[in-house]
Amino acid sequence: MQPIHLKTLQDLEFSTVLDQIAARCNTELGKAAALGIKPFEDRRELLDVLGQTSEYVASFSNENRIPNHGFDAIAKELQLLAIENTTLEVSGFRKIAALCTTLSLHKKFFKKFKEYYPLLLTYSEKFEENKSIPEEIGHVIDKFGEIKDSASPELKHVRQQMNGVRGKINQSFGMAMQRYQSSDFLDEIRESVVENRRVLAVKAMHRRKVKGTVMGSSKTGSIVYIIPEATLTYTRELNNLEYDEKEEIQRILHELTDYIRPSVVILAGYQDYLIHIDITAAKAKYASEMEGVLPKINTEKKLELRDAYHPLLYLSNKLKNQKTWPQTIQLHPENRIIVISGPNAGGKSITLKTIGLLQLMLQSGLLIPVHERSSVCLFDRVLTDIGDNQSIENHLSTYSYRLKNMNAFLKKCNERTLFLIDEFGTGSDPELGGALAEAFLEVFYERGAFGVITTHYANLKALANELPGATNANMRFNAKTLEPTFQLVLGEAGSSFTFEVAQKNGIPYNLINKAKKIIDRGKVRVDATIAKLQKERSKMAQSGTRLQEEEEKVRGEAERLEKLNTKIKAKLENYQELYDHNQRMIQLGNKVNSAAERYFLDHKKRPLISELLRIVETENSKRKKTTAKQAKAKQSQQKQVAQELEKKMVQVRQDKKVERKKAEKAEKNKPRPVFKIGDRVRMFDGKAVGSIDTLEKGKAVVNYGVFTTNVSVDQLELVEARK
């Protein structure tokens with residue numbers, strides 16, 4: 001597949017779809033990447049992305065929800081890691097650790113539920129899991145973003161010293177405050193905090209009596225804030241230790257950065273993975289909202305869209321609680337080009353845009369709002385000419401621009417092209433423009449291209465009627481109310497309803513009548529005929545739909561009865577086999593019982609044993625005795641027979657079909673027998689034989705010995721008449 005031209009994307013408002021997908025992404029990088037989505041050029045990659053999106057949609061309706069994929073971008077961190085002797089900040093390490101953890105969580109999840117998400121599992125397996133990076137970061141930084149004491153022995157020692165000095169500071173400050181308080185040198189508040197340090201609140205008149213460093217005074221000047229001299233000594237020591245702590249932390253972070261630096265490519269891959277998952281999740285949300293599905297992707301050059309919706313129109317109407325009309329359209333080698341005609345405001349352009357936008361979305365890896373039984377092929381090129389193409393910059397009129405566009409179509413059009421043209425041939429003299437448009441359409445047809453066009457030109461409608469691989473279509477229009485129904489009807493051209501629409505909009509009848517006299521009377525008759533045909537087509541379509549529904553109901557009922565009949569026949573056969581087996585067991589039991597009665601009377605063992613042996617030998621004589629060698633030879637022979645049977649199965653089935661048809665034909669011509677009570681009968685295609693007990697109103701009660709059943713005489717065939 002080749003890149004789709006930018007103009008096609010603009011004509012079909014593909015950027016609006018991307019804006020809506022970007023709005024459903026969770027991350028900023030995901031939103032930016034979503035706006036850059038474009039049709040795939042590789043078929044295999046496209047099918048993988050479509051499958052992944054379909055799997056993600058399925059996760060919304062099952063209990064195995066895909067884990068959260070949110071992450072903070074590490075673009076700046078990746079840039080720093082690419083530069084030697086740089087050091088990351090604590091926040092950067094935390095983002096990297098979270099990124100690695102999220103990827104590991106996804107890999108573990110998809111591996112656990114590989115039956116549900118095989119394509120997403122395959123994609124995640126492209127990225128090798130790295131547990132050492134989050135572990136190393138976890139050894140240094142805690143969950144609150146603080147450097148752990150255990151990050152290094154030196155840091156632990158420095159912090160222990162700092163804790164000891166802080167204790168001495170508090171102790172010395174407390175002693176000084178107690179001493180000066182007793183001397184009444186302190187104000188009522190006694191202490192305060194200046195520049196994050198504890199200070200004594202000394203009365204201004206006694207400030208020279210307190211040894212220490214002045215840190216400031218109150219607004220009124222009545223209080224002077226002083227750090228006691230003993231406390232100041234320990235404070236300087238604490239400052240030195242804090243500097244040592246800062247240096248050690250910087251060394252630890254630099255060392256951790258150097259540890260991570262070789263994995264910069266792996267981390268970039270992790271970020272790309274989560275961006276891809278973010279976009280896939282956004283596509284899945286978008287598909288869920290507009291009921292998008294993955295249709296069958298065929299290689300047969302067949303485009304069959306059933307109940308297709310324009311996604312932008314569908315979502316817009318959904319917010320307004322308004323109905324959106326679906327379209328059903330087919331393009332295949334026998335019907336490659338469709339010419340849609342009919343009145344304006346009937347939905348021709350929106351049908352055209354629906355086909356094009358859904359094709360672009362599918363080839364960009366997006367699910368589309370169609371019936372699940374739809375089938376779509378992929379095109380190398382999608383060419384469009386939609387809307388007002390007047391070019392102010394190039395000083396071109398609408399028609400000049402469209403001619404320039406048609407010239408580009410002629411250069412690119414081939415059998416792997418889908419072209420969509422709105423109001424084909426307009427912008428010039430109707431006769432001349434129509435003739436040129438007809439010539440263009442013939443070229444597109446000869447090159448084997450697929451396409452849909454809308455037009456009012458009668459010559460294009462006639463051409464579509466003449467070409468074997470083209471067909472006319474129209475947007476159904478209610479001739480009584482003159483309102484569009486937004487339904488596409490294949491097989492006939494549409495009337496423009498020019499005079500009818502004019503009359504509805506208040507144009508005086510005498511003016512309309514004058515216009516009718518001006519134009520060719522033949523054209524009026526043709527337009528009127530088309531309008532009449534559309535009415536008849538609408539009635540026929542309604543009748544056809546009703547008949548089709550009734551036919552489906554009858555077919556379903558026939559299938560149900562056939563299944564029930566098959567089950568009954570199977571049960572009858574099983575009961576007959578069971579009956580025969582029980583009869584044989586009863587006979588055998590009667591023989592043994594007779595021998596037992598004789599033994600009970602005469603108590604003679606020898607006759608009893610002889611009788612039992614005779615019974616056993618009689619039964620065994622019915623079973624064929626074979627040696628091991630004979631059994632092996634028989635098994636080999638059975639295999640050969642089975643192979644021969646397999647070869648003849650096809651022929652036998654065909655012969656059975658022929659015989660069945662002949663039998664059915666003969667059965668129809670054969671007079672039905674008159675059944676009587678006591679006749680031996682069986683059901684058609686059945687094996688069990690029974691006798692008729694009663695007959696009443698076409699129903700017979702058949703006795704099979706063990707049970708009876710009530711069946712119609714039409715289902716019975718005569719085995720033996722009562723003597």
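I call a residue buried when its relative accessible area is under 20%, exposed when it is over 50%, and partly exposed in between, using a 1.4 Å probe on protein chains only. I started with the cysteines: C25 counts as buried because its relative accessibility is 6%. C377, at 2% relative accessibility, counts as buried too.

**Ground rules.** I am looking at a predicted model, where local features need pLDDT of at least 70 and side-chain atom pairs count only at pLDDT 80 or more, while totals for chains, interfaces and linings use all residues. Residues are numbered from 1 along each chain as its sequence is written, and side-chain values use heavy atoms, with hydrogens and water left out.

How many disulfides does the whole structure hold? I searched for pairs of cysteine sulfur atoms within 2.5 Å, and the search found zero.

**Loops.** I numbered helices (H or I, at least four residues) and strands (E, at least two) as DSSP runs from the N terminus. T27 turned up in the loop between α2 (14-22) and α3 (28-34). With a relative accessible area of 5%, T27 is buried. I then looked across the sequence from T27 to I275: they are 248 residues apart along the chain, and their C-alpha atoms are 7.8 Å apart in space.

Next I looked up backbone angles. E13 is not a glycine, and yet its phi is positive, about 60°. E13 lies in the loop between α1 (6-11) and α2, and its relative accessible area of 32% makes it partly exposed. D184, also not a glycine, has a positive phi of about 60°. I found D184 in the loop between α9 (153-182) and β1 (186-194). Is D184 buried or partly exposed? At 45% relative accessibility, D184 counts as partly exposed.

**Aromatic rings.** I paired rings of Phe, Tyr and Trp (its six-membered ring) if their centres lie within 6.5 Å; planes under 30 degrees apart count as stacked, over 60 as edge-to-face and the rest as tilted. By this rule I count 15 aromatic pairs. One of them is F109 with F113, a tilted pair with 5.0 Å from centre to centre and 50° between the planes. Both F109 and F113 are buried. Another pair is Y123 with F127, which is edge-to-face at 5.6 Å centre to centre and 70° between the planes. Y123 and F127 are both buried. I also noted a cluster: ring pairs link F109, F110, F113, Y116 and Y117.

**Charges over rings.** Here I asked for NZ of Lys or CZ of Arg within 6 Å of the ring centre and within 35 degrees of the ring normal. The charged end of R179 sits over the ring of Y180, 4.8 Å from the ring centre. R336 has its charged end over the ring of Y445, 4.4 Å from the centre of that ring.

**Cavities.** Rolling a probe the size of a water molecule over the atoms shows where empty space is left. I took a cavity as a set of points, on a 1 Å grid over the protein atoms alone, where a 1.4 Å probe fits but cannot get out; lining residues have an atom within 4 Å of a point. The structure holds four cavities of 30 Å³ or more.

Methods:
On a 1 Å grid over the protein atoms alone, a cavity is a set of points where a 1.4 Å probe fits but cannot get out, and a pocket is an open set with protein on both sides within 12 Å along at least five of seven lines; lining residues have an atom within 4 Å of a point. Grid points are joined across faces, edges and corners, and a volume is the space filled by probe spheres set on the points.
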